[in-house]
Amino acid sequence: MYRVSHFVFLVSMLLLSSSLLAQSTNNGTLTGSITSKSTHQPIGNVSVVLLARADSSIVSGTMTDAKGKFTLTHIPSGDFYVVLSCIGYADIKSGAISIDPQHMTQNLGMFSMIEIILKMKGITVEGEKETFNNSIDRKVYNIDKDVMGQAGSTSELLQNSPSVSVDIDGNVSLRGSSNVLILINGQTSPLMGKTRADVLQQMPANSIERIEVITNPSAKYKPDGTSGIINLVLKKYTQAGFGGTVSANGGFNSRYNSNLSLNYNPGHFNIFGSYGLRKDNRNRHSVDGRRYYYQGIDTSSYYDQDEAILDRPLSHIATLGIDYNLDERNRLGISGNYFYKSFTRTATSRTIVHNNEGMISGDLSRNRYDPEYEREDEATIYYDHSFAKEDHKLHAEYNRSDQPEQEDNHYTNVYSLPVQIPSYDNTLVKQGERQDQLSIEYDNPISKNVTVETGFSHEVRKQDSDIRASYFDNDRKVFVTDVAKINRFLFDQYIDALYGTFRRSSSKFSFLGGLRFEYVQNRANLVTTDSFFRKDYSSFYPSLHLAYQLSTISELQLNYSRRTNRPEGEDLNPFPEYQDPLNVRVGNPHLLPEYIHSIEFGWQLRNDNLSIIPSLYYRYRYNGFTSVTEVVHDSILQTTEANLSNDQSAGLELIVNGSIGQHLNADINASVFRSTIDASNIGFGNNKSIISSTGNFNINLKFNPNTVLQMNSNYRSSRLTPQGKYLPSFVMNIGGRHNLLDEKLSLVVTISDVFKTRSQRIELRTLGLNRDAKTTRDARLFYAGLIYHFGTSSKKNKEKPIEFDNGQ
């Protein structure tokens, strides 16, 4: 009955919005697109101004989107012309355009702009992208306007994106949920799997062009990630001629990073490449306190652990590719990406067990030495064909990636009480994943206002987890295999998908509906015990996006999607993995996929100096994943994954961007939501609820065209878990940039976590156990660096982001 009521509510909202489609208007609409004449690539952020032929007065104006498209609406009858302008290109003036009752909607076709190199003295020309762009199905965060991306990593950059939060361990959440799908250039990558927090902390922020936040993706996208999709669009320089950017930053405690990006484009092809190097020094400290109970009575058993961890990761990231225009309608491209991270982790932990009177019954020190590495090799080849009709196109792409990683743990255990001789144990963890993806996409604009998109994808994922363990035999004086801890687990997944979307737009109303079908085959093999199981299933994933333009500066939006989250191989592996003698993790082979219904209603108000985007959203999730911790064998904590009966959240989000004159700009992103969890099916009683909030605040102060000061802060309130909650966190950063040598050279300085407040605390309250844990890290990190732009493209890369180091 509960789900039925939500379905009735959804249908009612959609019928109400659909009724708006019946409303008509006599206002005229002009559309078109703009590309570079030399590269045939679309040009974003081109100024499109509509003027009256009679007196050249301005009637309307807009900017092109990332695909080079523009739309002018609410145009009265009359005679007009448009002027197109963009920094680095020659202006274009169109011919006469007439709007009358018989020609209210017109497509002006494609304009090709000629790139020029301007050399002017005493004149400063500034062009900036808007920080946020809100379209019918996504919010786009343009990095060029943010002064946050030179000294740090992508993890820090994400903190400033709308609806996104990043915790002390680099885990990314979208509207309070960590179950988010992160794509790179619209494609899945093994790097964005279980270890993505570490990868994002090493990926240089200045390699990112923009971040797309899609809370209710259309059926065109994979349905993975119940809270939505974050798409990281990497920079790919396409300017004519030769150009590039080089940057270098240094900080305290031997921290440094550098990046080099190059491209060469003589006209019919474009060669691009980049290389980034990053060295970190990560000091962490954690305390973990536990109290054990039996039938509600204190058993006088306390566990206190204090741990210090030091990592010094060194990472390399490189890209190389070429786009080749076979002719005006056909393009072929091939590219490769390489990522390698290596480091040695050293850790010292001390665990003390005592009773109510403070009498110590156990005192163990455990020292860890762990050289690790992680690598990904990825190759992509694509083919684009453009038909004679504008926007009628075919795209085919094949991607293959391989990701091996290894941990080589060596432990020394020193027993102070009861006194024992030291013991030694080793754990070698080898994991690998290979992905193959083939996708075909076809777009057909049936008419000026109607577009149909269809596509097919085939994805293969093969995971291999191999754990080897040994201990030192004091009698034999050799390491021997620990047969109780070794295991190998193979997991293969095959996903075939078909999708179709239908888009229709008028002068005021836009409609985007879609349906995706997926057939999934899972194959798992626990080699150690010769156990094999398989599970095949299929599902449909509908999506709907509606938009209604109230005026030239105001728009309503309503959207819905059904999404899923599938278990990874390690979530299913039933063999125990020992993190230390008192903590063990076990997979759940019976774990089901989780599903979510998500609906969102928003309003957008935008003018030249202010943008306000409030949104109401509701999410209903069933079979949701959650970690469950329980005490086994008196004092060992065992953690596994389980399916919740259901949980739901409803909230209000507000995004505000505004400018005061030419010197002050501020961005505010805040959300308040109520979460309710029903974990009765796994033995945790009645529903639990909490009201949570998140907030980001960024302010940019431009003293002059060459000097910018920025401050940002991030707040995250308590968050609910079935067995407890995460406590609030807060961090503030400041930084600045000064441009020299006609903006070819920039000096960047940042200080992160100014007040040393960044930490993560968790409370666990359940039958038999109370637990309080806290983790802190290096604070008040300082970076200083230089960025230099050279070649013919240097003039087009003036606004580069500064980023603070908060992702560790």
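At 3% relative accessibility, R255 counts as buried, where buried means under 20% relative accessible area, exposed over 50% and partly exposed in between, computed with a 1.4 Å probe on protein chains only. R255 forms a salt bridge with D778, with 2.7 Å between the closest N and O atoms; a salt bridge is a side-chain nitrogen of Lys or Arg within 4 Å of a carboxyl oxygen of Asp or Glu. The pair links distant parts of the chain, 523 residues apart: R255 belongs to strand β17 (residues 255-265), and D778 to the loop between β47 (769-777) and β48 (781-791). D778 is buried as well, its relative accessible area being 16%. Helices (H or I, at least four residues) and strands (E, at least two) are DSSP runs, numbered from the N terminus.

The model is predicted, and local features need pLDDT of at least 70, side-chain atom pairs count only at pLDDT 80 or more, and totals for chains, interfaces and linings use all residues. Residues are numbered from 1 along each chain as its sequence is written, and side-chain values use heavy atoms, with hydrogens and water left out.

By the salt-bridge rule the count comes to 36. One of these joins the side chains of K222 and E459 at 2.9 Å, N to O. E518 is buried at 2% relative accessibility, and R516 is buried at 4%. Salt bridges also link D311, R345, R368, D370, E372 and E407 in a network.

An open sheet is formed by 4 strands in the order β32-β33-β37-β36, with mixed pairing; two strands pair if DSSP finds at least two bridges between them. β32 (577-580) and β36 (625-632) stand at the edges with a single partner strand each, so one side of each has no neighbour in the sheet. From one strand to the next the twist averages 25°, with axes taken as lines fitted to C-alpha atoms, for helices over the stretch in contact, and angles running from 0 to 180 degrees between N-to-C directions.

Strand β37 (residues 636-643) pairs with β33 (residues 583-585) in the parallel sense over 3 bridges, and N583 stands opposite L637 of β37. β36 and β37 run antiparallel and are joined by 8 bridges; here F625 has N643 in β37 as its bridge partner. β37 is mostly covered, with 7 of its 8 residues buried.

The largest nonpolar core has 25 residues, of which L158, V172, I208, I211, I230 and L232 touch the most other members. Such a core is a set of buried Ala, Val, Leu, Ile, Met, Phe, Trp, Tyr and Cys residues joined through side-chain atoms within 4.5 Å. Two or more residues each come from α2 (154-158), β11 (164-166), β12 (172-174), β13 (181-184), α3 (196-202), β14 and β15. Neighbours within four places in sequence aside, V172 is in contact (heavy atoms within 4.5 Å) with residues including L158, V164, V166, I182, L200 and I230. A second, separate core of 21 residues includes F70, L72, I92 and M104.
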